[in-house]
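Here is a short report on one protein model.

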Amino acid sequence: MSDMRSTADAPRSPGRPRSIRADEAIIEATLDLLAEGSTVEALSIEAIASRAGVGKATIYRRWAGKDALLLDALRRLKGVLPQPAGRSIRDDLILLVGAIGKNVDPRAEKIMPCLVPAVNRSTDQYQLYQNIIAPRRQLMREVLRRGVDEGVLRADVDIEVTMALLTGPMLIQRVLQWSPDLNDVDLPERVVDAVLEGIRAR
């Protein structure tokens with residue numbers, strides 16, 4: 001990918017401070033266009049600038065390109081990372097599993113499923129997806145490793161497979177509504193307990 005750095009990573013240059021209002025308008029315009037059906041490939045800086053009411057130069061002063069802007073926009077869509085309390089492996093896993101596929105922003109229901117084809121078609125979009133989910137995956141990895149270190153989980157547990165087992169059911173239910181008989185409210189707890197049954201230290 002040409003430049004995946006977000007504005008948070010980019011060094012500040014001296015001069016007039018950035019307009020927070022312009023930043024917000026650009027991010028919102030990006031998410032609105034995606035929610036209205038624009039594909040990642042078709043989304044252009046020109047369209048975003050027009051919707052946000054700014055010039056293209058305003059966007060390029062803040063982001064190196066479309067990919068960096070998309071990274072910030074989709075991070076906003078996903079919301080803040082959940083923070084495990086660190087007192088209970090089970091409770092921490094329920095917190096993290098409960099955040100999978102759950103977004104406060106209603107636009108996420110229209111945007112996230114549409115990203116799947118782009119991720120499968122483009123190595124750049126696959127990398128974008130990985131950059132978004134990697135911190136969330138690392139949080140779960142750390143909780144599971146802590147469980148092994150504390151003797152709560154089996155020493156031979158396969159961390160990566162366990163993360164897939166915890167994540168898969170939530171994604172298939174929340175993104176595809178796989179079964180109408182599953183209750184979204186208690187599903188995270190049921191998934192965690194089912195997986196823990198197989199990996200808990202005896």
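## A buried threonine

T162 is buried, with a relative accessible area of 3%. Buried means under 20% relative accessible area, exposed over 50%, and partly exposed in between, with a 1.4 Å probe and protein chains only. T162 sits in helix α8 (residues 159-176). Helices (H or I, at least four residues) and strands (E, at least two) are DSSP runs, numbered from the N terminus.

Leaving out residues up to four places away in sequence, T162 touches L144, V157, V195 and I199. Contact means heavy atoms within 4.5 Å.

## Basis of the model

This is a predicted model: local features need pLDDT of at least 70, side-chain atom pairs count only at pLDDT 80 or more, and totals for chains, interfaces and linings use all residues. Residues are numbered from 1 along each chain as its sequence is written, and side-chain values use heavy atoms, with hydrogens and water left out.

## Nonpolar cores

The largest nonpolar core has 29 residues. Such a core is a set of buried Ala, Val, Leu, Ile, Met, Phe, Trp, Tyr and Cys residues joined through side-chain atoms within 4.5 Å. I48, I59, L69, L74 and I111 touch the most other members of the largest core. Two or more residues come from each of α1 (20-35), α2 (45-52), α4, α6 and α7 (123-149).

A second, separate core holds 22 residues, including I100, V143, L144 and V191. I111 touches L31, L34, A35, L74 and L77, not counting residues up to four places away in sequence.

## Packing of α4 on α6

The axes of α4 (residues 66-78) and α6 (residues 108-121) come within 11 Å and cross at roughly 125 degrees. Axes are lines fitted to C-alpha atoms, for helices over the stretch in contact, and angles run from 0 to 180 degrees between N-to-C directions. The two helices, α4 and α6, are therefore oblique to each other. Angles under 35 degrees count as roughly parallel, over 145 as roughly antiparallel, 65 to 115 as roughly perpendicular and the rest as oblique.

L74, L77 and K78 in α4 meet A108, I111, M112 and L115 in α6. By class, this contact has six nonpolar, no polar and one charged residues. Ala, Val, Leu, Ile, Met, Phe, Trp, Tyr, Cys and Pro count as nonpolar, Asp, Glu, Lys and Arg as charged, and the others, Gly among them, as polar.

## Whole chain

The protein chain has nine helices and zero strands. Its C-alpha atoms fill a box of roughly 60 × 40 × 30 Å along the principal axes. Of its 202 residues, 39% are buried.
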